[in-house]
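Here is a briefing on one structure, grouped by topic. Look through the sequence and the model before reading on.

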Amino acid sequence: MKNTTDKLNFRSDIIAVVSFMLMTMLIIPAFLSPDMVYGSQTDWASQHYAIPEYFRTLFYDTGQLIPSYAPNIGGGESIFSLSYYGFLSPIILPSYLLPFVPMGIYIMLASLIAALVSECELYLLLRRRYTPSISLLTTTFFVLSVPLILNTHRQIVFTSYMPFMLMTLHGAERFFHSGKKSMLAAGMFLTAMCNYYFIPAEAAAVIAYGVWLILEKNGSISFKKLIPYSLCIAAGLLASAVLTLPTAYLLAQNRDASANAVSLKELLPTLRFDKLTYYNSAMGLSGFGVLAGLYYLFKGKKHQRFAAILILSFPIFPVTLYLLNGTLYTDPKVLFPFLPMALTLTADMLNGLSEFKSKKFLVFFVLFSVLSFFISGMSPMLGAYLADAVVVAVALYIYIRTHKSIFVVLTFAVPMVVCLFANNYDQLASREGYDTANSKEVYKMLSEMPDDDIYRTAVDTRRLYTVNKVYSPRHYSDTIYSSLHSHYYNSFYFNEMYNENEYRNSALTVRSKNIFFNSFMGDRYYITNQPVSNYGLELIKNDGEYYLYENKNAFPMAYIRRDVMSERQYDTLKYPDKIIALMNYTIVPQDMPDVKLDTELEAVDMSDIFNSAVSEERNGEKVISTDDGIAEFSYKLPEKACGKILMLRFHVADPIEKGKMSWENKGDVRININGIKNTLCNPEWKYKNGNNFFEYVISDMSDKLDIIITGGDVRISDIEAYALDADKLTAASSELIPFKADMSATHGDVIAGNISADYDGIAATSLVMNEGFSVTVDGKEVKPVRVNTAFLGFPVKSSSHKVEIRFKAPLLAIGKAVSVFGIIMLLMCLGLDIAGGRKKADISHKT
């Protein structure tokens with residue numbers, strides 16, 4: 001009889017697994033078309049495959065699994081600035097064994113496989129307690145949770161840890177069932193290595209699951225069991241220190257206290273049940289799951305009440321989200337690790353549905369959901385939750401009246417609709433854009449360039465898609481889009497060099513059209529798929545589709561010059577004098593007498609630039625009239641600005657008209673002038689760029705400006721314009737004594753070469769200053785200094801010198817040591833499991 005039951009259960013399990021996996025595979029074609037790739041056009045296209053691809057490129061070049069330095073990206077950064085995107089992740093590391101698989105394809109497959117594996121693991125976790133049918137229904141809620149499938153093509157790191165998270169929960173079950181520790185500790189280690197950001201939430205969820213298991217078995221907390229359980233978790237976390245300690249150091253050094261500040265109002269209690277259900281990146285619970293939580297809050301056993309209290313505390317007390325987010329913001333993306341435990345309440349509710357008779361509770365549930373909708377903002381996502389709550393209540397009411405289980409299927413209606421809508425709403429990257437960013441012609445052009453020196457090459461084919469794209473170990477770039485980056489460099493990019501800000505998020509330091517910036521950063525070559533006519537660019541190759549230009553005015557990536565200016569004097573300069581000072585002086589921290597700065601800039605009166613689109617002037621602001629949100633016109637430049645480099649700046653007021661939701665583009669203002677774009681985003685946006693001053697450096701030497709304005713509320717004031725003779729740029733670059741790299745010794749964390757000077761001074765580089773640099777000149781260590789507000793510099797004497805620049809990430813050595821200790825603890829857990837298994841086997845054999 002037992003064998004027959006086992007066979008029936010096995011067959012049911014196979015049917016269940018095939019069912020929910022098939023559902024997943026059927027949902028995907030509903031939003032994927034042949035002209036798209038399986039990845040979002042924003043963060044996926046620019047970050048989630050490009051940065052892991054760089055990790056792999058760096059590994060193939062250096063042979064180092066854990067390098068310290070990422071010299072090819074963003075002007076040079078610590079590799080741990082990029083750790084958010086899968087550095088040392090067990091999801092990414094297997095790709096190192098597959099050099100023949102393009103990273104984009106690998107990420108698409110790996111993220112989808114991770115979701116399918118997570119579904120299977122959850123089903124098996126549920127089968128420890130429930131029947132195949134209950135486990136299937138509960139896993140279906142998991143499949144339809146918005147974060148799971150959405151983030152296989154959007155924010156990969158938000159959910160890619162889930163296979164290892166569920167492995168950890170299986171380890172927790174083994175720990176309390178048989179005392180085995182290794183799966184719990186190893187699972188925690190692998191989960192933590194996926195992404196540092198979610199470690200607080202992951203660890204909290206695993207500890208909470210342990211408490212839940214203890215309460216389920218004993219009815220009360222047992223610290224005798226919880227302490228060794230927590231030690232296993234600690235072992236896994238300690239083993240991940242090689243990733244977490246250097247990253248934590250960078251977070252502490254580069255965190256901007258003014259960015260993404262959370263107001264006291266955001267921390268006050270509320271009823272945001274959309275953050276459990278259908279917010280952009282929420283826990284992923286359904287309306288049925290919320291009902292189960294509320295029900296067991298009042299009617300549950302101790303372990304059920306514990307789970308209900310924990311889950312319901314998140315939408316009611318935003319401070320919990322604030323803490324799980326590392327005090328950055330109150331984003332519910334950190335709640336996904338708690339979903340498996342929340343789904344146990346869903347399973348319990350489904351399992352006991354035949355005994356559920358309370359129509360009054362259904363009324364209470366609907367009224368409670370209506371209250372949440374009205375007091376929390378009446379947003380579309382709250383509306384989706386309210387609709388789900390009503391459908392669930394109606395379905396259960398009919399079930400109570402009819403006792404027909406078929407009506408329970410209605411509880412999946414809204415989750416299915418929202419899942420399909422959310423995945424369709426995400427704009428996928430075009431195949432044409434993806435292919436352009438990965439063009440073989442661009443790879444070929446880069447491979448044919450000189451390899452006798454270190455220099456940067458700007459690739460401007462698809463600006464967003466190539467921001468983090470590194471085509472080879474000898475391709476150096478000054479662009480970066482990373483959640484963790486040097487605030488010195490970001491400030492230099494926007495506040496010192498006056499680059500345009502095209503995007504809504506100021507973390508995006510993309511390819512600029514500012515000739516001053518490009519020359520300063522050493523962009524010697526420029527690859528584009530459109531012809532350009534900017535000053536100083538000389539066409540050297542055109543294969544029909546792509547153009548290769550050489551910038552004759554590009555600075556060396558390291559150099560020395562005679563003229564220096566103190567930071568004290570530099571800080572007194574205003575727009576646009578700072579950029580002229582940077583192009584002609586090395587800005588040093590030492591105080592010294594002021595120098596006479598002759599900018600040779602000529603002020604140009606362009607106060608009438610927007611007159612053809614101005615509807616009225618009010619309070620000193622020009623109010624722009626847009627037809628259906630857009631205004632297009634041309635402006636003839638004053639004669640004194642023709643044939644010169646033009647610097648233009650004006651103030652744009654925050655739009656009064658704002659979107660109903662902070663992530664909408666409604667309310668944004670965009671102004672495109674001769675192909676150079678600036679954006680001021682909706683001030684309610686979480687990552688608001690604060691770009692109130694639109695700044696342009698126009699070097700196409702044209703005699704007119706073509707202007708496109710978009711936005712519903714555009715108010716402009718404080719217009720400034722200056723013209724500069726183009727040959728002044730040539731003069732600035734010609735005064736530099738270049739550093740000559742030794743490419744045989746320049747590798748990985750080391751840049752080596754020679755520099756000669758006939759005077760004592762400060763050698764400047766365009767390598768972003770980070771703590772961790774050491775510099776030796778002729779074998780003797782010298783103290784690095786920050787020059788030009790953001791970059792590495794070092795003193796040299798009058799002579800010829802051999803220079804070696806090394807970078808070692810702070811706390812990396814300590815992180816390695818702690819990881820070794822943690823891995824020893826993991827091995828001890830494994831050893832204890834093996835020894836315990838043999839002991840049990842011996843006892844069993846004797847009996």
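Five strands, in the order β24-β11-β27-β31-β30, make up an open sheet with antiparallel pairing. The model is predicted. Salt bridges number 34 across the whole structure.

- Strand β11 covers residues 558-560 and pairs with β24 over two bridges.
- The sense of this β11 pairing with β24 is antiparallel.
- Ile 560 has Ile 737, in β24, as its bridge partner.

**A salt bridge between two strands**

- Arg 649 and Glu 695 join their side chains in a salt bridge, at 3.4 Å from N to O.
- Arg 649 belongs to strand β18 (residues 645-652) and Glu 695 to strand β21 (residues 693-698), so the pair ties together parts that lie 46 residues apart in sequence.
- Arg 649 is buried, at 16% relative accessible area.
- Glu 695 is buried as well, because its relative accessibility is 8% and the cut-off for buried is under 20%.

**A salt-bridge network**

- Asp 460, Arg 463, Glu 502 and Lys 677 form one network.
- Salt bridges with shared partners join these four residues.

**Two further salt bridges**

- Lys 622 and Glu 617 meet through their side chains, with an N to O distance of 3.2 Å.
- Lys 622 is buried, at 12% relative accessibility, whereas Glu 617 is exposed, at 56%.
- Lys 552 forms a salt bridge with Glu 550, and their closest N and O atoms are 3.4 Å apart.
- Here Lys 552 is partly exposed, at 47% relative accessibility, while Glu 550 is buried, at 16% relative accessible area.

**Gln 304 in helix α14**

- Helix α14 spans residues 302-316 and includes Gln 304.
- Gln 304 has a relative accessibility of 9%, so it counts as buried.
- Beyond its neighbours within four places in sequence, Gln 304 contacts Trp 212, Tyr 296, Leu 345 and Asp 348.

Note on methods:
Residues numbered from 1 in each chain as written. Predicted model: local features only at pLDDT ≥ 70, side-chain atom pairs only at ≥ 80, totals over all residues. Heavy atoms only, no water. Helix = DSSP H or I, 4+ residues; strand = E, 2+ residues; numbered from the N terminus. Buried < 20%, exposed > 50% of the residue type's maximum accessible area, 1.4 Å probe, protein only. Contact = heavy atoms within 4.5 Å. Pairing = 2+ DSSP bridges.
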